[in-house]
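Please examine the structure shown below before working through the exercises.

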Amino acid sequence: MSRAKFLELSGRINDLLNAASILAWDSRTMMPASGAETRGQQIATLTVAARDLLCSDAMRHALDAAEAEVANTPGTAEAAMVEQVRAAQTYHDRIPVALVQQRNLLAVTAHEVWAGATREKDFAIFAPALTEMVEVCRAWADAAGYEKHPYDALLTTYEQGNTVAGLDQLLGRLRDHVVPLAREVHAAPQPDDSFLFGSFDPARQRQVASALAQQIGYDLSRGRIDTALHPFEISFTREDVRLTTWVSPKSLSKAIFTTLHEAGHGIYEQNIDPAFTRTPLATDLILLYAVGGVSFGMHESQSRLWENHVGRSRAFWARHYGTLRDAFPDQLGSVSVEQFWRAINRSAPGTHRTHADELTYDLHVIFRTEIERDLIAGTLPVAEVRDAWNDATKAALGVSVPDDAEGVLQDVHWATGQFGTFCNYTVGNVVAAQLFETAANESDVAAGLAQADYTPLRGWLREHVMRHGRRHIRDELLTKATGRPIDPAPYLAHLTRRFGEVYDLN
Ligand code: ZN
């Protein structure tokens, strides 16, 4: 009886947050810009209603009773649900309501200031708002609590298992490997990729990209694909998982790889255990949104795995290049599959994170994470962030930042108070390689990949990662799947192998 009440209230929280998500999807795909202000209020109302229900007396009573019931069955999914609701209640009880309001309000006003500063290409305009945001986030960290470093409190809300100490080691090892490899790659003769730029019918691009997403396993009958300026995946239970993509009429590879990336996120959501639908195991009760995947980093591991390990492989294009060439015979008629494969894997250092290739991408993430860490610790004043950014870009990538819009103002994350998320793009890359290495050791997975049959790989991921949803945190999942927690070695080996092949390095 009491467990039924617990599940009923948990289901209602999930419903409210799914409703907020569909408002968010609409606002990023269909809504006229004039709806933005009231839409923000509508989403906030639903999110606060979910938080209030989570912390209500009714939920506290139901939770007490459910906790007593599952006490004899530790390790079950029900026990995990109860544990997660208890942890979330405790977390939200610690954060003063005034601080939540202050952060939400500031996220809106700081975003406006950031957008203006970006237009003017002047960080100084944004600096006072950033100072305020750093102070609010530090207050948040103090309220949430931490053992060693205030940034730990923020990191763990996006990815349990991320700590300053752990990231310093992981990212340091990555930089030591990638910087010299990138130097070697960028000094080598570059593959011609001019045929990827020109004029490409957008409708035909969408058609090919959608077909490829379905080939790797995205179930379009339980989703849809639209276009958006900033592509994303979003789910309203595993039965309705939507993707957006970005199509450039001038660039061929953008739509394909964006779609494969978002399809990777979508496949994850579509393969969560159906028993978790409308439960706490399909709800992020800390950040308050409905989602099936366990964390930012694990989610990114799934998108990167399909985008980079499958989608940028020779075997993938050996099978699918004919379809693409048939769609664009004028542009690709004289381009061989080998030329195409090298072109889509070309690496060039740049100032922009979102335009970065597979090899240089993490370098952008590493220095952002260090700047965030030092901002939250109070050891880097906001007034010095622009110089720190420009120096780090030069040191890591060897390129000079032309202006603040191309530099320190290029990402929206700080304006909206998201300190602690950048690192998860790299965590995703590392985890993707670790999972892919173990999966590809299975003979049926390897045989499938060679024949463009993705069913065995998807089956392996479903069994070891996807079906578990939010039941286990990242390092538990990785340890069950690969025998160890997060380990950068497979990723470093992958980068050396891939760019060694593309650039014929010895
Ligand atoms: Zn992603």
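This is a predicted model: local features need pLDDT of at least 70, side-chain atom pairs count only at pLDDT 80 or more; totals for chains, interfaces and linings use all residues.

Residues are numbered from 1 along each chain as its sequence is written, and side-chain values use heavy atoms, with hydrogens and water left out.

**Exercise 1.** Identify the protein donors of the zinc ion and their spacing in sequence.

Solution. Donors are N, O and S atoms within 2.8 Å of the metal (3.2 Å for Na, K and Ca); water is not among the atoms, so sites may look incomplete. His261 (NE2), His265 (NE2) and Glu300 (OE) lie 2.1 to 2.3 Å from the zinc ion. Their spacing in sequence is H-x3-H-x34-E.

**Exercise 2.** Explain why histidine 261 and histidine 265 are separated by about one helical turn.

Solution. Helices are DSSP runs (H or I, at least four residues), numbered from the N terminus. Histidine 261 and histidine 265 are about one helical turn apart because they are 4 residues apart in helix 10 (residues 253–270).

**Exercise 3.** Determine how helix 6 and helix 7 cross, and which residues meet.

Solution. Axes are lines fitted to C-alpha atoms, for helices over the stretch in contact, and angles run from 0 to 180 degrees between N-to-C directions. The axes of helix 6 and helix 7 (residues 150–158) come within 8 Å and cross at roughly 85°. The two helices are therefore roughly perpendicular (65 to 115 degrees). Cys137, Trp140, Ala141 and Ala144 in helix 6 meet Pro150, Ala153 and Leu154 in helix 7 (heavy atoms within 4.5 Å).

Terms used: Angles under 35 degrees count as roughly parallel, over 145 as roughly antiparallel, 65 to 115 as roughly perpendicular and the rest as oblique.
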